[in-house]
Amino acid sequence: MQVVRCHRISSSNDVVVSTLPLYRSAPPLEVRLEDFELFAVDRLRVLKGISDGLSRGKKPEEIAKLAMDLWKANMRYPQATEDVNKDNISHFVLRLVYCRTEELRKWFLSMETALFRYRFHSESSEAQRALMSEFNLPYKAVSNAEFESVKDKLVQVARSMGQTLLPADAIFYKVPFEEVSELVAGRRVFIHKGHAYVAMNQVVSIVVTQFRSHLSKALILTNRKWTSTIREQEKDRLTPIVEALCTSYLGPDYSQPKEFAEISIKDIDQIAKTSFPLCMRHLFEKVREDHHLKHGGRMQLGLFLKGVGLKVDDALAFWKAEFAQKVGAERFDKEYAYNIRHNYGREGKRTDYTPYSCQKVILSTPGVGDHHGCPYRHFSEENLRAALARMGVGSRIVEDVIDKARNRHYQLACTLTFEAVHGSSCDAGINHPNQYFIESQKILQSKNGSMAQ
Amino acid sequence: MTKDEVENGRDDMLIDGPEQANAVPDGFNANYLRIYYGKLFPHADIFKWMSYGNDGKHPACDKSYIGRREFSFTLENDIYIRFQSFNSASELENSIKEKCPFKIDIGPVYSVDPAKRHAYAQSGDNVFTPVERELVFDIDITDYDDVRYCCTGADVCLECWPLMTIAIKVIDTALRDDFGFNHILWVYSGRRGVHCWVCDGKARRLTNEQRAAIADYFRVYQGNENSNKKISLPGHVLHPFLARSYTEVLKGFFEAKLLSNQNLLSSEERYEKILEMIPDAVAAELRGRWQEKKRSSMLKNDINVVRWEQLKHALQSGKQKAQGLRRCVEEIVFSFTYPRLDMEVSKHMNHLLKAPFCVHPKTGRVCVPIDPNNCDEFDPTKVPTLSQLLEELNRGGLRQDAEDEWDRTSLGESVTFFRSSFLHPLLKSCKEEIESSYNTKLQQAKNTLSW
């Protein structure tokens, strides 16, 4: 792909097989510098919209519709060929932007895969079959004889998912189970001796898995090329655009606490009561109560406290004061201190871990004995009510919050809680626990300031 | 001593009887371990296993394979050394005998020798990365603490150990029938759980995502003490895997053993936990009945069994039309009995897992294999301990040949089983795989060369 400054040269790419490109290789097109950035921004709106939908716990059908609406609004041209070009160009530009760290790659991979899945779903079945063959999938259509022998199991699987009957012309494919991880994970296929029996309508999953794995590898290669040649070569032209594109959209990661850097352990109980979001409050209370937390909880709370401004030595003192009551000071030093220092980038490969965003917290899966994750998602209604009451949320608002949580709008529930506790609105919506903390402190400090006057 | 001397009874000297001379006090320490590693630990078998046939003479054998496998040792005083690797059986054996590790963990096979990983870190490409690793599972009975009343924490007894037995049955059947794996090793973890090693080539080459998918396939239990219901089985019927597990293993065990062993319905505190899992209307009715009827002496049958029948009847009698009620019974059974896996262990290739035949420091018991076809008979309280084995060695007296000393101790059974049921079939299959892929490559090369 060549980027030029001057007038547009119309593309020679006149072969349009399917409207859904697979992004196998960068198209041989010339792009204007302005379009380089504009196309990417438009695509980023679509991807960000999907990301928001996911963290707000929207249902898959809602997100699919949202994605297609956003696509139409941002990525359409009157001429079909222009569509394909913008699609390709914007994708490859964003590859440059999002190849540069593990976390960026993960995000981009998830969003592009989700987008691909929704778009594939909305294609005609001929177009879908054509795309499948482009992937060279090692599947075989199940013969009639074999179908009869496993039919009752296939029906059972369908019924377990809420479908009543198999359609009359049901075609099934036999695929090695490794090809359809998503379906296996959700127990949405019958598997036998290593083979999964996949319904035609589930084929999307196969295709999407391939798409994802290819893109994942491509991003690594792109990163290598970026760091070894492109970044330097383009430092006066594309590199500043690429670097700006990323930070303008992901929002702050709260790994470098700024204004409120002076939190000490004696303040902690007080600020936990006033400014911690429910997820962190719960973890904090549990630490004080049980003098212990399992790994997931230690990570979620520990990184949050780092973002809040707790220095590594204070953090060690805090955790030790609690854990020593349960396991003894010596065991703490032996088994837990290392990991706390690790979180602050003081050990091992010295990565400075960033506090978890709401998206990450919501997507985690607490198990037995765990207290992390998003309470709006995991708490029973009774427990949630009690927790909100302890935070001082009035009973009418509690109902509102419960309603939001029930409908899986976890971040909206948290935002409502914030607004109730602080008596002021939060228009941006909560999408990061440290954001909750900072906004809370802002309000409290301005109240104190005005009172002091 | 000659026979004469024995018969004459040298009673002018204080002699300890033969039993006391051999007695080895219970314990776990470096001295015991040294003897264990010197005479009993099956070094060569572990090496052969980890080589997966690559230690043979066939031209297709990958000589670098075993050297790329990570081992880690935990030494006395909790010193922990990672990224150990060995290129021969004697290297492995000598290192273990010399370092005398309190615990040996096995990690993945990396792309390069782990000892040389720093040389490859410079390029920033992450060229040092796991390429093969067995599919592993870890089941720990402490994860069942909310449903067992006989023990808590690290304790295990014969009343609650069967939870592990049924976990083995459920998972083993699925691994073989559903996933098509054949080379599966189940190992006692030494104290309170079991590990599973799936060693088929296909399993070793699974990506992290595929491992996570398999772990999710097995996952039913969700949530924790903060949520109400931890098992939710939606849908009109169960997936064939869950249905099979229920009818073949879980239901029978729950109704015949667990209900009574754990007295799940005998007291208010206990039955309230179960009543919490069913709709209020039905729960209220049952509660009323059970609160009135204190222990009636008329009852011949176990009160738990009787109440369970009443509960099932109330839910399934069809008085209430809602489909969801039928699932309640299964959900209760699942929440008490269905296997609870540690997901993180299975999901990541670089997770380190304790090697079989290690000795558990807290119990002194050896991590012996468990036969999944006979797991009902496995008794964790009868697993040989370190001191017991040393005692058995003493009893045998001095021997000239140092080979196969394990065979005259209780460990013999385990090593034999390890070899015959697991290692030999595995190595046979590895050999076939190596040869056949070699032949395929040869054929391909021939085809491309032919004009």
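Modeller: Helices here are DSSP runs of H or I of at least four residues, strands are E runs of at least two, and both are numbered from the N terminus. Bear in mind that this is a predicted model, where local features need pLDDT of at least 70, side-chain atom pairs count only at pLDDT 80 or more, and totals for chains, interfaces and linings use all residues, while side-chain values use heavy atoms, with hydrogens and water left out. Residues are numbered from 1 along each chain as its sequence is written, with chains lettered from A and ligands numbered from 1 in the order in which they are written.

Back to the helix itself. α13 of chain A covers residues 312–327 and bends by about 30° at A:Ala321; the bend is the angle between axes fitted to the seven residues ending there and the seven starting there. Its buried residues include A:Leu316, A:Phe318, A:Trp319 and A:Phe323, and A:Glu322 is also one of them. Buried means under 20% relative accessible area, exposed over 50%, and partly exposed in between, using a 1.4 Å probe and protein chains only. Among the elements covering those buried residues are α11, α12 (295–308) and α14 (329–343) of chain A.

Let's follow α11 from there. This helix spans residues 278–290 and holds A:Cys279, which counts as buried because its relative accessibility is 9%. Leaving aside neighbours within four places in sequence, A:Cys279 is in contact with A:Gln300, A:Gly373, A:Pro375 and A:Pro433; contact means heavy atoms within 4.5 Å.

A:Cys279 also turns up in the UniProt record: an unreviewed entry places a "binding site" feature at A:Cys279, A:Cys358, A:Cys374 and A:Cys414. Such annotations may be inferred rather than shown by experiment; their positions follow the numbering used here, and feature names are shortened. All four, A:Cys279, A:Cys358, A:Cys374 and A:Cys414, are in the lining of the largest cavity. On a 1 Å grid over the protein atoms alone, a cavity is a set of points where a 1.4 Å probe fits but cannot get out, and lining residues have an atom within 4 Å of a point.

That cavity has a volume of about 110 Å³, where volume is the space filled by probe spheres set on the points, which are joined across faces, edges and corners. It has 14 lining residues, and the closest to its centre are A:Cys279, A:Cys358, A:Cys374, A:Tyr376 and A:Cys414. The lining divides into 13 nonpolar, 1 polar and no charged. Here Ala, Val, Leu, Ile, Met, Phe, Trp, Tyr, Cys and Pro count as nonpolar, Asp, Glu, Lys and Arg as charged, and the others, Gly among them, as polar. α11, α15, α16 (375–378) and α19 (410–422) of chain A each supply at least two residues of this lining.

A:Cys358 sits in α15, residues 358–363, and is buried, with a relative accessible area of 10%. Not counting residues up to four places away in sequence, A:Cys358 touches A:Gln411, A:Ile430, A:Asn431, A:His432 and A:Pro433.

Now for the whole chain. Chain A has 20 helices and 6 strands, and 49% of its 453 residues count as buried. Among its contacts between residues at least 6 apart in sequence, 70% join residues at least 24 apart.

Technical notes:
1 Å grid on protein atoms, 1.4 Å probe; cavity = no way out; pocket = protein on both sides within 12 Å on 5 of 7 lines; lining within 4 Å.
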